[in-house]
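Work through the exercises below with the model open. Each task is followed by a stepwise solution.

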Amino acid sequence: MIQIQNASKSFKDTTAVKDLNLEVGKGEIVGLLGANGAGKSTTINMLLGFISPDSGTVTIDQLDTTKKAAEIRKRIGYIPENVNLYPYLSGLENLDYFCRLAGLKYKKHELQEVLNTCGLQPEAHQQKVSGYSKGMRQKVGIAIAYAKKAAVYLLDEPASGLDPLASNELSDLLKKLAAEGATILMASHDIFRVREVCHRIGILKNGTLVKELRSEEVSANELESLYLEYMKN
Amino acid sequence: MWQIIKNEWVYLSRNKTLLVVSSGFVLVLLVAVWLGHRQTQEQQQRYELAQKELRQQWENIDGMNPHGAAHYGTYVFKPAGLLSSLDEGVNNVTGKVLRVEGHVQNEIVYSEASQMQFVSKFGKLKTALLLQYILPLLLLFLAFHSVSSEKQNGRLKLLVLQGAKPSTLVWAKTLSVWSYGMLLLSLTFLVYLLFNGASLNAEVINRSLWFYLSYALYYFVISGLTVLFSARWQNATIALTSMLGIWMLWTIFLPNILLTSVEKWHELPSRNAFQAAMKEDRSKGIDGHNPADDRSKELEDKTLSEYGVDSLSQLPINFDGLVMQADEEYGNQVWDKHFGNLRKVFTQQKQSYQLAGILSPFISLQNASMGFSASDNLHHQEFLAQVEHYRRGFIKTLNDKHAYGGSKTGDWGWEADNDFFKSVPDYEYNSIALNSVFGHYIPDLLLLAGWSLLISLLLGVGTRKMQLI
């Protein structure tokens with residue numbers, strides 16, 4: 001479970017996050033919408049333990065992300081906008097390598113099963129990642145987190161640049177993970193995708209959570225209007 | 001850590017550009033080792049042949065005045081050490097042939113450099129050139145983006161999230177690059193062993209191991225520092241530029257600047273001044289109060305009284321032989337004094353230059369490499385000392401024959417027979433055991449070890465606050 005309480009973070013004179021309060025429960029997908037510089041990535045980096053909040057607390061499963069960073073990281077799966085894998089390794093080799101770094105040793109068929117679960121076509125398993133599309137790399141990225149049995153998934157603009165099909169596949173995958181009990185926080189620009197995938201949506205502006213709502217409360221068009229309204233004001 | 005090292009090696013083995021560069025480098029390295037081996041072998045064979053011919057000529061002397069034979073003299077060739085095919089050190093500038101004769105201590109001549117068509121700072125294709133200059137550059141180019149690229153493309157975050165500690169990552173990258181250097185170094189040694197397998201002995205193996213260790217330490221310093229720069233700087237270009245600057249400083253500027261400074265601090269006399277001082281001491285006496293004529297008169301009086309006769313013509317021996325030996329011994333004293341001073345300056349220069357290894361580990365590497373290859377100035381001076389020792393015995397044998405062989409004073413036409421010339425021992429080089437000179441290279445090894453330790457500490461401390469995002 002993700003808990004952010006009154007967290008603030010500034011870089012020199014710029015406030016990246018201000019008095020942020022957010023909770024994401026088990027099996028829940030929460031989307032953070034916001035323009036560039038709204039504080040989405042800073043929030044994710046605080047959850048990853050790469051940045052400490054200046055004030056407030058950021059916890060995952062009641063563990064402080066700064067003080068217990070090593071412990072927290074074992075539970076987190078992180079999928080950035082661009083999953084940069086090793087281009088000279090195949091998808092299978094990449095997954096194996098990242099698993100081994102985490103101290104996990106899987107047999108080849110187990111790794112293949114994970115890749116299948118995450119939607120990577122079997123014929124792509126042995127291909128070099130240098131020939132992968134962005135969507136395929138995102139799938140391997142999720143497979144790395146899945147193989148790690150991550151309880152919390154943090155996604156930073158995961159669908160950016162994906163074609164509609166790949167984006168749709170990603171949405172299905174995230175829903176599947178949530179159904180299995182994963183806690184998912186997703187930062188994105190993509191209003192429609194967030195509306196479609198997430199249970200709850202937060203709108204960030206200048207580091208402040210200006211609006212929080214359940215996705216069933218609004219249609220995609222209403223959400224867009226609301227978002228634009230907040231951005232203009 | 002092992003997983004990261006393994007992955008780095010997969011990268012090395014699958015990177016086509018690197019494979020081409022590595023193959024090219026290995027090829028050049030093999031050619032250099034083979035050329036070095038061939039040159040050493042040919043030179044040794046030529047010298048052995050020449051030495052044999054000279055000895056034959058000497059042994060064929062049938063009837064010659066011993067003093068005439070002292071002027072006739074002989075030649076000594078500096079043997080090419082087995083390891084000098086890897087690092088020829090000062091050998092190509094110091095010369096290899098020395099004329100041994102009475103009255104004078106000649107200078108060694110026929111250096112390779114003096115016979116080169118053109119002179120280049122980097123000289124010909126030599127193994128040491130590749131191992132000291134090119135291979136570290138290769139390691140540098142391999143390491144400069146090793147961590148920064150992980151940062152730049154955001155993969156570092158993924159690695160850390162999977163449990164890889166930044167310090168482990170930096171160490172693993174360092175060891176991967178270093179092991180690549182060690183692979184090429186080991187390959188060089190393997191080829192060297194293949195060429196020289198039959199001539200190997202405990203001494204050569206001992207020297208080779210220290211040689212290998214020196215390079216291993218230096219490659220670790222280069223690999224570690226470059227990876228550290230790559231980790232500390234956000235941008236790979238800055239890491240590369242900084243490291244190239246350091247490489248140039250260490251290998252080109254500092255050795256030249258510091259060597260020139262050391263030569264200024266411990267200045268050698270000019271050749272003219274040195275020879276003039278020798279000449280003066282020889283004619284006027286070491287202390288300036290014992291000229292040659294006085295010494296000769298003193299010897300005459302002493303000899304006459306020893307034999308209880310009044311004139312030289314009454315002596316049963318040839319007094320000329322005694323005069324020449326006395327002059328020779330006096331000349332030896334003069335030589336010992338002046339060359340002793342020179343050697344003292346050489347030692348001071350060497351010790352000061354060794355300290356320069358504090359500023360540049362390359363200097364320590366060069367010193368150790370030449371030293372363990374038996375091709376530095378210290379080994380050269382030891383060779384000259386051996387030849388001088390031989391020369392003294394050689395000339396004394398001839399002078400003694402002249403004095404006591406049966407001739408009388410003034411009998412310059414008297415000739416020794418062939419048996420005598422055959423009995424004069426030939427020069428035989430005693431290779432210098434590393435154990436006897438090892439102490440001279442301890443500072444270089446300690447400095448290289450110190451640099452490695454420093455880099456290890458920096459790898460630990462410098463990555464604590466490494467920026468991950």
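**Exercise 1: The salt bridge**

Count the salt bridges between chain A and chain B, and name the side chains that meet.

Step 1. The count between chain A and chain B is one salt bridge (a side-chain nitrogen of Lys or Arg within 4 Å of a carboxyl oxygen of Asp or Glu).
Step 2. Its partners are Arg14(B) and Glu93(A), at 2.9 Å from N to O.

A note on conventions: this is a predicted model, where local features need pLDDT of at least 70, side-chain atom pairs count only at pLDDT 80 or more, and totals for chains, interfaces and linings use all residues. Residues are numbered from 1 along each chain as its sequence is written, chains are lettered from A and ligands numbered from 1 in the order in which they are written, and side-chain values use heavy atoms, with hydrogens and water left out.

**Exercise 2: The interface**

Describe the interface of chain A and chain B by polar contacts, elements, residue classes and area.

Step 1. Twelve residue pairs, both at pLDDT 80 or more, are in polar contact across the interface (N or O atoms within 3.5 Å; within protein, one able to donate a hydrogen and the other to accept it, with residues adjacent in sequence counted only if both atoms are side-chain atoms).
Step 2. On chain A, helix H1 (40–48) and helix H3 (91–101) each supply at least two residues of the side that touches chain B (helices are DSSP runs of H or I, at least four residues, numbered from the N terminus).
Step 3. H3(A) gives the most to that side, with six residues.
Step 4. By class, the side of chain A that touches chain B has 16 nonpolar, two polar and five charged residues.
Step 5. The contact (heavy atoms within 4.5 Å) takes 23 residues from chain A and 18 residues from chain B.
Step 6. About 2200 Å² is buried between the chains, and carbon and sulfur atoms give 62% of it (accessible area, 1.4 Å probe, that two parts lose on being put together, summed over both).
Step 7. In chain A, Phe50(A), Tyr88(A) and Leu101(A) lose the most area to chain B, together 29% of what that side buries.

**Exercise 3: Ser208(B)**

Is Ser208(B) buried or exposed, and which residues does Ser208(B) touch?

Step 1. Ser208(B) lies in helix H9 of chain B.
Step 2. Ser208(B) is buried, with a relative accessible area of 8% (buried means under 20%, 1.4 Å probe, protein chains only).
Step 3. A polar atom of the Ser208(B) side chain lies 2.6 Å from the backbone oxygen of Val204(B).
Step 4. Not counting residues up to four places away in sequence, Ser208(B) touches Leu83(B), Phe189(B) and Tyr192(B).

Note on methods:
Ala, Val, Leu, Ile, Met, Phe, Trp, Tyr, Cys and Pro count as nonpolar, Asp, Glu, Lys and Arg as charged, and the others, Gly among them, as polar. Buried means under 20% relative accessible area, exposed over 50%, partly exposed in between (1.4 Å probe, protein chains only).
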